[in-house]
Structures are given as structure tokens and as C-alpha cells.
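Reader: I have a chain to go through. Can you put it up and take some questions?
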Amino acid sequence: MKKHFLILSVWALCTIVPLSESGCTNKDPQIEYALQLAKGNRPELEKVLNHYRNDSLKLEAAKFLIRNMPGHYSFADSSVYRYYNALDSALNTMKGRSPWEVKDSLEVVTDHLPFSLNTTTVPDVEIITADYLIQNIDTAFTQWHEGTWATHLTFEQFCEYLLPYKIDDLYAFDNWREYMKSTFGREIEVLQYCDSYKNSAIQAATHVNKNLRNDLHPVFSISRVFPIYRLSTKVKQPFGLCDDYTAIATAALRSCGIPVAYDFTPQWPFRSMGHTWNIVLANSGQHIPFGGADTDPGQPHKLDEKMAKVFRKTYVANPDLQRLNETEKYIPSTFRTVFIKDVTPEYMDCADIEIAIDGEDNRYAYLAVFDNHAWVPVDFARIDNGKACFRNVGKNIAYLPVRYENDDTQIPAGDPFILTYSGKTEYIKADTLQKQTLILNRKYPIYPHAYTWAWRTVNGVFQAADNPDFHNAITVHTIKEWGVTGTEVQVPDSCGAHRYWRYWQPHEFNNMAEIYFVEKNTHKFIEGKIIGTDGAWGGNENLDKTKAFDRDLLTYFDAPDHGAWVGMDFGSPISLETILYVGRGDGNTIEIGDSYELFYWDKKTWKSLGKQTAEWITLTYSNAPTGALFWLRDLTKGKEERIFTYEKGKQVWW
């Protein structure tokens, strides 16, 4: 789907300009411009202005909406709503089914539509009706002046957080305020019985968000279903992305007169994808983040995670983005809408930085962060005298300045750099004359989903015995560190030869992903008959003791209880030289048998240091440049990969 945004001329800056005139519009060039763009729909907009000619404040609100309406779009063809009706029919027949069954059903509807889906758009100024606009203005004013959760708003805040007639472009002109309030605003009036809560925007937001969470039971999943821009259909879909739940929460809370907005970071600077969430404008004047149908205001939401840039969706256009869109032929997707503003300082300690740029003056450069496979622009600035000044940039992050010609070809416009906590730019330049040896044990940082289980290897022991019951077993090694990477255990010569070898976790659940035994005489991996505790947690036969030897890091022995063990019977006594093990994790430790390739950044491109098939739990590159930015790729499988520097013998992730 191609989304069109009208690029306004520079003189039409979208700000709130109070007017003393009541019905006269020709002294406000922005309103006159909007009326001209409305074409045959001009009488509808003039009808709104005339309707409020004797109510100065509502007239200003109407002017605000009309003045800033150019650039907002809706679907031009009814086939989109026919599609939503088809989804509604499927959703009604799938009530009570699992989200995954519903997802499959909706994808079948999407893949086999009996009609063509026309997603062309039309400007709102050409189709919005006076009745619809008047109803929305009146409802919003009732929420502000007669409601309880927005009494602290200024007129400017009211215009941005409550007044807009829809929550985002492409959403339907329907009775979303009435529908969302009746569906998710139930029992909000009980807050009035507590003096501390009766005017609290935060408490009201928490109440409605709890209703959303209890009703929707969010399941986060990608699907082939076309994005839904009708709220009455959207809330029935039992799965979605953070963007979906943020939109739903924005509508639900605004329908109850609670001032909220929609914030997002276009790209995390430490992994793939970006994220969206809500903020509520508290009575204190602070913007308090929360996750729509997820975390409540005041609860940790992505706490302490680095963000390069954060933007807020707005109804008013951003003049800097207007100039960008007027100047450049190709624009990265984030900045093709002019209805966002930078709010990074509300979240991060920021710095303004000036970067030397290889590019033409009066064109634009971008700051990009790495998304595991490519550099993604997150900020923009005009090039002036060979430099670009980027404002409010998040710290302790790796950036690459880039630019574009007249198409989508990205061109590095300088060296990558780290913006340090002190606000300094430390450039990363490969020194190909000074070499170093890299010993690599992972291709991706250890994040919480891997860290969560890592402690379960602590105090686990490797033992050897001459009987299958491990009576009088010899303890070869006791694990003292969390099992977050592949680990090598040297078996002492004094251990001798034994028939039975095992890993035993006497205190916790045995969650071993892989074990390799290396024979002393041959220096090769050796295998025997798998022995150990039978069964698995929850009776899951796919996670039994055999998974500790299946040579797949993403499977693991999930023991049925504490004190379980797993090992091998070699049939006769053997001596081991080394034991390798990897605890339950994310599969990003070096996996024996996989093919890898290491790259470093040099002269505006990635250069290869060669391919290797992993024969051990580490990879060694002995001819690597110093001071470089590296990227290790698993060519066999997987998607999670991160850039890193190599400092004091360790990978430092960015």
C-alpha cells in the first residue's frame, strides 16, 4: 500500500494562530489554502465555520482542524470497507477460537478476496462532512469542559490530545468516540468516589487500559492480514503488533476524554524493529508512558532501553519535515509523513552533534542505526557547508551518517561513530595495518530472553562413574558461572577412564541445550548411548534428555523436576580430554557445524574477513584489523546478528 501525503508550501506553517474574525477566513492564508484544496467540498468546511460564528473558542477549534487538515488522507474506495466487513464475518464465526486459528482464518479471507482491494487515498478536505466535524468538535468540548479527566489542559493541549476527528490517517469517519467509550470506558465513573482519583488523568488512563487488557488479551503476532483502519473491526482481531494496540488505546482513552498521544521509536539501536506506545498528559503536566492494553502509566515500559530517537504523532504538520519532503526526491519511510515531532529529550539524555558529511549543500543527510542487517535512518538534517547538525540524539549508540541520491540507494556519508555518554563523537575507523586476533563466542548480545534461564546451570556438575547409578561418582567439574555462552571444561588427567559420564543439576531444573564429549586419545567428539532422567516438564516429549545431544542449540533438556541428569554410556571405559556445554539460551552462541562469515566496516562498506565452518564453540580470526566495527553472520540459519567492536579481548555490542 502506498500512502500519499500532501506537501504543503513553506508559507503554510501549521501552528495555532488565534483570529479575531468570526466568519471571515480570507485573512488566514492557511484556512483559505485548505478551502481551495477542498474543491467541491468547500461548502462543507465553510458550513462548520459559519456554525460556530458566535462561539469564539469552538470557532478557533474548527479553524485549527481545517487549517491543519491538508495532508491528512482517507481511503477513496469502498472496497476497503467491504474487506473489513468480510473480516467481521469471519471474526463472528470464530468466537472462542484460539488467536492462531483466527489468524489463519483471516489470512484465508485476505488471500481469497472475491474483489480487488483498492487502497488509493483521497484528501480529508475533499470528503469530510460538516455534520461529522461539528459532532466531533462538540463531543471533544464536552469532554474538556464538562468532563473530569482533561480539566488541566490548555487550549493548545486540547487541540492536540483530544480534538482530532480521528486518531491517525486512513481511519474511517465513523462513530469511533461513541463506540470506543461504550466498549472500553465502562465503570470509569466509579473513580469519582475517591477524591484523589476523581480528576486524575493517570487513574482514568489506568482504568481504561485495564479494560483493554482484560478484553483484548493482547497476542503480539505478525500476519498477512491487511492493516485494519476501522476500530470496530480492529478491536475484534485477537492478535496484532504494538502499533495496533497503541492505536486502539489512543482511541479508547480519547473517547473517554483522557488526553493521550502516540509515541514511537522508528528503530531500536540495539536490535531489529522499532516500537510504539502511548503517553498520557498527566495533571502534573508530565507525559507518562504506558503500553496500550499492556503496561499501565507508572509501570515500567521498556525501562532503561536505549533509544536513538523518539517521535510523537501529531495532527499539526512539522515544518521541518515539510521542507524535507519538498526538497528531496527520495525520503526514508519514517519521514514521509509530516505529522510527527521529535520528543526524544522526554526519554533520553541527548546531545546535539555536528557531523562532516560527504554530500551536496542544501540536501539532506540522515543518521542511521543498525537493525541487525542494514542501516536504518532515524534522524535527518540539512547539509550546510559540508556539515549536518543533528539535534537531540540519544547517547551511547553507534550511528552511521547516510544520504540518498534520487532513488532509494543509500550512500554512507561518513564514518560510523559512537555518541558517548559525555556527548562526544568517537569515530570507528579500521586500522588495516595493525592486526589482532579475535576469538568470538556469539553473534548476538545476551538479552533477557536468554538471560532468564542462564542461572539454571549454576552448581550443576559433570561426573564420571563405572556404574549406571553413578554410585561413588567422580566430580569432574562444578559450574560456577551462568551458562550464557558455550563453555569449555578441561578434564584433568587424574580423572582416568570411565564408562559413564553425565551432567547432573542437583538443585535446579536441568536445562542443558548441548553437551559435547571430546575423547582424549583421538581429540574428536565421541558419542554413546544417551542415558539419564526420563520424561520432561509438562510431559513434553520434544524436550526430553535426547535434546542435550541433538546438535541444535534451540532445543534443550527441560527436566521434569529438580535433580535430573543426562549423560552417555560409552559401552566401555574411555578417557575424556574436554567437555563442551551450552545451557538453554537463544541459539546465538557459536554452533558447531554452522557456516559463519565475519565482516568489518572499511571505506563506507562491509568487507569480508572470510568464511568458517565452526568446529568448536568459538571462532578465531587471526588477521583482523584493529579499531574496526565488526559484524558476524551465521550463513546457515538465524536472523539475530549485531555489530560489535573488540576491546580487551571481548566483543562489545552496539
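Reader: Which residues make the nonpolar surface patch of about 390 Å²?
Author: Ile446, Tyr451, Trp455 and Trp482 make that patch. Bear in mind that this is a predicted model.
Reader: Where is tyrosine 451 found?
Author: Tyrosine 451 is in helix H13, which covers residues 448-454.
Reader: Switching to cavities. How many of 30 Å³ or more does the structure hold?
Author: Four. The largest cavity has about 80 Å³ of space. Among its 15 lining residues, Arg442, Val484, Gly585, Asp586 and Thr589 are the closest to the centre.
Reader: Which elements give two or more residues to that lining?
Author: H13 and strand E25, residues 576-583. By class, the lining of the largest cavity has six nonpolar, six polar and three charged residues.
Reader: What lines the second largest cavity?
Author: Lys166, Ile167, Tyr171, Ala172, Asp174, Trp176, Tyr229, Arg230 and Leu231. Six of these count as nonpolar and three as charged, with no polar ones. The space in the second largest cavity is about 40 Å³.
Reader: Last one, on the whole chain. How many helices and strands?
Author: There are 13 helices and 31 strands. Of the 654 residues, 54% are buried.

Note on methods
Residues numbered from 1 in each chain as written. Predicted model: local features only at pLDDT ≥ 70, side-chain atom pairs only at ≥ 80, totals over all residues. Heavy atoms only, no water. Patch = residues over 30% accessible without salt bridge, like charges linked within 9 Å, V, L, I, M, F, W, Y side chains within 5 Å. Areas by Shrake-Rupley, 256 points an atom, 1.4 Å probe, with all protein chains shown as cover. Salt bridge = Lys/Arg side-chain N within 4 Å of Asp/Glu carboxyl O. Helix = DSSP H or I, 4+ residues; strand = E, 2+ residues; numbered from the N terminus. Buried < 20%, exposed > 50% of the residue type's maximum accessible area, 1.4 Å probe, protein only. 1 Å grid on protein atoms, 1.4 Å probe; cavity = no way out; pocket = protein on both sides within 12 Å on 5 of 7 lines; lining within 4 Å. Points joined across faces, edges and corners; volume = space filled by probe spheres on them. Nonpolar A, V, L, I, M, F, W, Y, C, P; charged D, E, K, R; others polar.
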